Amino acid sequence: MKIALIGYGKMGQAIEAIALDRGHEVVLKVNIENVEDNTIEKIQQADVAIEFTGPESAFDNIIRCIDAGVPVVSGSTGWLSRYEEAKEYCTRNNSALLYASNFSVGVNIFFAINKQLAALMAPHPGYNVWMKEIHHTEKKDAPSGTAITLAEQVIERNDHKKQWVNHESRQPEDLVILSERVDPAPGTHVITYTSPIDDIEIRHTAHNRKGFATGAVLAAEFLKGKKGVYGMSDVLGI
Ligand SMILES: NC(=O)c1ccc[n+]([C@@H]2O[C@H](COP(=O)([O-])OP(=O)(O)OC[C@H]3O[C@@H](n4cnc5c(N)ncnc54)[C@H](O)[C@@H]3O)[C@@H](O)[C@H]2O)c1
């Protein structure tokens with residue numbers, strides 16, 4: 001499979017290593033120093049584009065891939081206020097988009113556990129739920145895209161939580177997400193249900209970026225030749 005890497009930073013380079021290991025070819029690498037190569041014609045040399053740039057550029061990059069008619073896997077976080085627009089543009093232009101706030105298999109299993117735990121805890125208002133996420137200091141967005149996904153999964157199942165906030169709050173309807181930035185830290189997410197009697201806590205800790213990169217390549221293999229909008233649960237069947 002021929003891959004275009006839009007964003008050749010920490011994630012782009014980790015993805016390249018996995019893609020080459022799995023017998024794929026990288027036909028385009030774009031970063032901030034060679035944005036002039038980020039053209040429809042060059043993207044069209046690839047079967048799939050994998051986009052890991054960041055909050056400011058993700059949306060435009062996704063739209064460019066859709067215009068090129070090349071399926072695009074995006075892992076950039078912090079741009080989700082425009083996700084519905086991107087989905088609609090993709091569908092209207094009969095192209096393919098797969099976004100995931102987190103590509104690691106372990107985190108996607110953690111998402112499934114989070115949904116089950118949220119459903120079990122929903123009838124027990126004596127427990128207050130809150131979250132903590134820890135990442136490296138270069139991370140531009142807070143809370144993490146993964147934390148937002150986890151929070152939305154809880155809010156959908158818990159009538160007492162109406163919205164997430166990224167600061168301490170005593171309002172019972174706020175789901176508090178605390179963000180810590182320390183080095184080195186590939187990514188930790190903790191969800192705690194706390195009561196005067198006991199606490200229940202689930203935690204996922206990434207040890208390195210390999211899990212995200214492997215998942216992104218699996219997603220690209222899945223998306224090649226497809227039309228439509230997908231998520232990691234489609235790739236993993238969970
Ligand atoms: N979904 C996931 O599983 C997952 C995992 C890790 C990181 N991320 C997200 O992926 C993104 C990238 O993370 P990273 O750690 O590789 O960051 P990074 O800063 O190491 O790399 C970003 C790359 O994008 C390039 N870039 C920036 N603006 C660009 C533009 N306008 N056009 C083309 N290239 C541009 C930079 O030059 C750099 O090469 C972040 O949003 C991060 O939160 C997602």
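Select the lining of the largest pocket and colour by residue class: you get 14 nonpolar, 22 polar and 8 charged residues. Keep in mind that you're looking at a predicted model.

How many residues line the largest pocket in total? The count is 44, and Met 11, Phe 52, Thr 53, Gly 54 and Ser 76 are the ones nearest its centre. Now switch to cartoon and pick out α1 (10-21), α3 (58-68) and α6 (145-157), the elements that each give two or more residues to this lining. Which of them gives the most? That's α1, with 3 residues. If you draw a surface here, the space in the pocket comes to about 1000 Å³.

Next, show the ligand. Where does the ligand sit?

- Tyr 8: a backbone N or O atom lies 3.4 Å from a ligand oxygen.
- Gly 9: a polar backbone atom is 3.1 Å from a ligand oxygen.

Then go to a side chain:

- Lys 139: an N or O atom of the side chain is 3.1 Å from a ligand oxygen.

How much of the ligand does the protein cover? On its own the ligand has 870 Å² of accessible area, and the protein covers 81% of that.

Zoom to Ala 142 and Pro 143, which are joined by a cis peptide bond with omega at about -5°. Pro 143 is in the loop between β6 (128-135) and α6, and α6 is one of the elements you coloured for the pocket lining.

Jump to Asp 183 and Pro 184. The peptide bond between them is cis too, with omega near -10°. Here the proline, Pro 184, lies in the loop that links β8 (174-181) and β9 (188-194).

Last stop: Asn 94, in the loop between α4 (83-92) and β5 (96-99). What is phi here? Near 55°, a positive value in a residue other than glycine.

How values were computed: Residues are numbered from 1 along each chain as its sequence is written. This is a predicted model: local features need pLDDT of at least 70, side-chain atom pairs count only at pLDDT 80 or more; totals for chains, interfaces and linings use all residues. Side-chain values use heavy atoms; hydrogens and water are left out. A polar contact is a pair of N or O atoms within 3.5 Å; within protein, one must be able to donate a hydrogen and the other to accept it, and residues adjacent in sequence count only if both atoms are side-chain atoms. Accessible areas come from the Shrake-Rupley method with a 1.4 Å probe; for residues, only the protein chains shown count as cover. On a 1 Å grid over the protein atoms alone, a cavity is a set of points where a 1.4 Å probe fits but cannot get out, and a pocket is an open set with protein on both sides within 12 Å along at least five of seven lines; lining residues have an atom within 4 Å of a point. Grid points are joined across faces, edges and corners, and a volume is the space filled by probe spheres set on the points. Helices (H or I, at least four residues) and strands (E, at least two) are DSSP runs, numbered from the N terminus. Ala, Val, Leu, Ile, Met, Phe, Trp, Tyr, Cys and Pro count as nonpolar, Asp, Glu, Lys and Arg as charged, and the others, Gly among them, as polar.
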